[in-house]
Amino acid sequence: MNNKILVAAAVLVAGGCASMAPMPDVAKLTQDALHSSFRDKGIAKVSRLQQDEVQAACSSDRAPSNAELQHLQAQALASMHWPTGGVYLGDWKAGEKLAQNGRGMTWNDKSAEPAHNGGSCYNCHQLTKSEISFGTIGPSLYHYGKLRGVSDPYSPQSAPIVQYTWAKLWNAKAYGACSNMPRFGHEGILDEHQIRDLMALLLDPKSPVNQ
Amino acid sequence: MTDRREMLQRCASVATMLMAAGLLPATARAQAAAAFNSAAFEAKNMADVMKALGASAPAPSSDVSVHGPDIAENGAVVPLGAACTLPGVKRLLLLVEKNPNTLSAMFELSEAVEPNIATRVKMGQSSNVFAVAMLADGRVLFAQKEIKVTLGGCGG
Amino acid sequence: MKAQRGLGGAALRALAAVLAAAVCSVAWAQGTQATQAKSTADGIAEYRAMLADGNPAELFEAKGEALWKTARGPKHATLQACDLGKGPGVVKGAFVELPRYFADTGRVQDLESRLLSCMQTLQGFNAAEIAATPFGKGEQAGIDALTAWISSESRGMKMNLPQSDVHEKAAYEVGKRLFFFRGGPMDFSCATCHGADGKRVRLQDLPNLTKNPGDGIGFAAWPAYRVSNGQLWSMQHRLNDCYRQQRFPYPGYASDATIALSVYMGVNAHGAESIAPALKR
Amino acid sequence: MPDPMRIRAQAAGDKTTVRVLMAHEMETGLRKDASGKLVPAWYIQHVSAKLNGKVVMSAQWGPSVAKNPFTQFVVHGAKPGDKVSITWIDNRNETRTDEATVS
């Protein structure tokens with residue numbers, strides 16, 4: 001067993017009374033604990049612990065400054081990938097299947113390719129009336145399109161909400177740098193085709209979300 | 001049917017007698033196994049279960065009750081109970097309509113035991129469940145309810 | 001046979017949930033989500049109440065107690081001289097004070113890592129080998145049973161992890177940083193699911209582990225028998241599966257990170273009554 | 001040797017509630033293991049309950065009874081100090097008998 005925390009702490013304590021000992025360098029001990037505790041398993045490599053700017057900024061019980069949030073959000077929006085050919089909506093039936101599917105990206109999964117991943121939507125959101133097993137980490141999305149007056153997703157009036165929804169699914173951090181929602185497109189969890197299907201689930205007037 | 005039940009009980013009591021003595025020779029175990037009603041436990045619906053048990057078609061009755069939750073958080077463990085308020089209950093059965101095999105459990109009761117039993121079953125999906133009471137006078141009565149099995153956890 | 005230990009608490013809570021739901025349903029004009037969630041919550045509360053009486057964790061408790069008292073391993077010794085923090089052989093009350101610092105190993109240890117130490121020093125087992133054994137197999141199954149029994153010996157007591165030693169304080173601070181540490185392809189940290197009150201994933205309530213989430217909730221409920229797979233999970237197993245679902249790499253058994261997280265959650269849960277081993281989905 | 005059962009038998013007047021937990025996999029025979037092979041069926045088929053040596057209840061179970069089975073019933077005429085014993089036999093002919101005292 002690795003034991004860097006305690007060795008380091010012990011060094012600091014040595015020669016002094018424990019209650020008087022100064023607090024060791026917690027940031028360093030945390031990095032040491034991460035290095036000594038985690039190992040590669042399947043597709044889940046230790047490289048997953050190397051934080052990007054967003055992850056590093058959103059890793060404490062205190063939110064980053066407004067300026068930093070703005071910066072991170074602007075960055076996410078600037079790097080946004082918009083759908084090829086301007087086709088925003090796919091098949092809501094395929095979208096519902098993805099929404100139900102919470103699989104993918106764990107050390108038990110064979111491949112990290114989007115085809116092996118679900119959208120995990122119901123883990124955090126209510127979406128339809130018929131599925132009672134839904135989470136509440138995110139807001140209810142029941143009647144998502146209907147409440148926003150989307151009767152024809154291809155009409156010019158619908159364009160702003162359609163684009164916002166796409167961006168939210170592709171990289172949720174564009175509208176909240178420390179959002180709990182994964183960056184499905186940006187991180188390569190889902191591909192363009194799958195995100196179109198989720199778009200249809202949310203915005204197609206025929207989708208059960210809008211019934 | 002009576003003969004079959006008597007035989008079942010006799011086999012069971014022989015087996016338990018030997019077990020009480022701390023002995024369960026292979027032959028006795030085989031005898032106990034022989035008493036297992038495979039046909040009933042392999043049946044795909046309530047009618048076929050009844051046929052395999054040599055019983056008549058069950059009639060719905062408010063004297064029988066089936067206890068279970070409306071929603072099961074997990075289908076791997078669903079509490080189910082059967083009870084009957086009439087005297088002379090010989091058997092209580094628990095059935096799950098949409099399981100691969102309908103019959104889950106069959107309890108044979110002596111006079112010393114109340115016609116009110118409970119256990120826990122697995123359910124592959126949301127389904128009707130039935131409690132069936134078989135009475136000494138040959139009547140076969142049932143109650144039913146629907147149990148919703150939900151999908152839990154992160155699904156991953 | 002002990003009479004219905006720990007069952008009353010769970011049943012009472014379920015009843016309380018039903019009552020709370022009934023009261024709430026008077027003020028039901030809160031839109032579809034609220035009303036539907038309440039009726040589902042009623043159903044789940046009823047389901048849990050029905051299961052409360054007869055937790056299969058008891059089977060593991062019995063096995064664990066026997067294991068503790070059986071001479072085993074290369075040294076053919078029992079674990080009865082094992083010091084879980086309150087002196088050699090003292091089991092009662094030890095669980096609610098773990099993890100804690102142990103001078104003999106120079107480490108902050110949780111119950112599982114402490115058992116590994118005792119199995120190595122007293123019985124002659126190879127702790128590293130056991131730590132590398134898959135969950136539920138070989139000696140790992142034995143440790144699960146031991147945690148079931150040892151935690152049951154503190155049932156009804158309040159979580160009371162020591163924080164007087166600097167190692168323990170450091171472990172808390174490290175645990176806190178790990179709790180909020182975001183990583184992996186989905187940007188999840190422990191706090192994503194367990195950082196706020198009243199959240200659920202699907203239908204499972206998510207305790208807010210940044211504070212005392214209440215008696216028998218969160219840290220005060222594990223080890224637990226998991227209905228979904230019929231296994232007894234120690235906190236190490238629980239944390240391992242949390243990290244799997246966080247899409248993190250694999251945390252070593254009894255590793256520093258997992259122990260530091262337990263210190264963070266356990267100290268936050270100070271005063272919460274332990275119901276372990278509990279019954280979980 | 002199968003793990004022991006946990007049996008509780010609590011008398012309240014003439015009625016004694018017996019609750020039993022059994023340690024058993026209760027494999028359905030329909031489940032596949034990690035390598036995709038079917039795990040063979042392995043489940044308790046027979047259960048019998050005795051009060052002071054006399055059979056009061058017996059049962060036949062299919063593989064859809066939940067893993068680590070629980071069962072509960074109420075028996076009349078038992079007094080504190082009486083013995084309740086439970087025996088199960090599974091489809092591999094393994095068996096286990098345990099006894100509890102009515103309290």
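A disulfide is here a pair of cysteine sulfur atoms within 2.5 Å. In general terms, a disulfide is a covalent bond between the sulfur atoms of two cysteines. The structure is a predicted model, in which local features need pLDDT of at least 70 and side-chain atom pairs count only at pLDDT 80 or more, while totals for chains, interfaces and linings use all residues. Residues are numbered from 1 along each chain as its sequence is written, chains are lettered from A and ligands numbered from 1 in the order in which they are written, and side-chain values use heavy atoms, without hydrogens and water.

Two disulfides are counted over all chains. One of them joins Cys82(C) to Cys118(C), with an S to S distance of 2.0 Å. The angle about this S-S bond is 75°, and the link is right-handed. Cys82(C) lies in the loop between helix H3 (57–68) and strand S1 (100–102) of chain C, and Cys118(C) lies in helix H4 (residues 111–121) of chain C, so the pair ties together parts that are 36 residues apart in sequence. Helices (H or I, at least four residues) and strands (E, at least two) are DSSP runs, numbered from the N terminus. Cys82(C) is buried at 1% relative accessibility, and Cys118(C) is buried at 4%. Buried means under 20% relative accessible area, exposed over 50%, and partly exposed in between, with a 1.4 Å probe and protein chains only.

Chain A holds a disulfide between Cys58(A) and Cys178(A), with an S to S distance of 1.9 Å. The torsion about its S-S bond is about -80°, so this disulfide is left-handed. The pair links distant parts of the chain, 120 residues apart: Cys58(A) is in the loop between helix H3 (53–57) and helix H4 (66–78), and Cys178(A) is in the loop between helix H8 (159–170) and H9. Cys58(A) is buried, with a relative accessible area of 8%, whereas Cys178(A) is partly exposed at 25%.

Cys190(C) is buried at 10% relative accessibility, and Cys242(C) is partly exposed at 24%.

Helix H9 of chain A (residues 192–203) also meets helix H5 (residues 92–100) of chain A: their axes come within 7 Å and cross at roughly 100°. Axes are lines fitted to C-alpha atoms, for helices over the stretch in contact, and angles run from 0 to 180 degrees between N-to-C directions.
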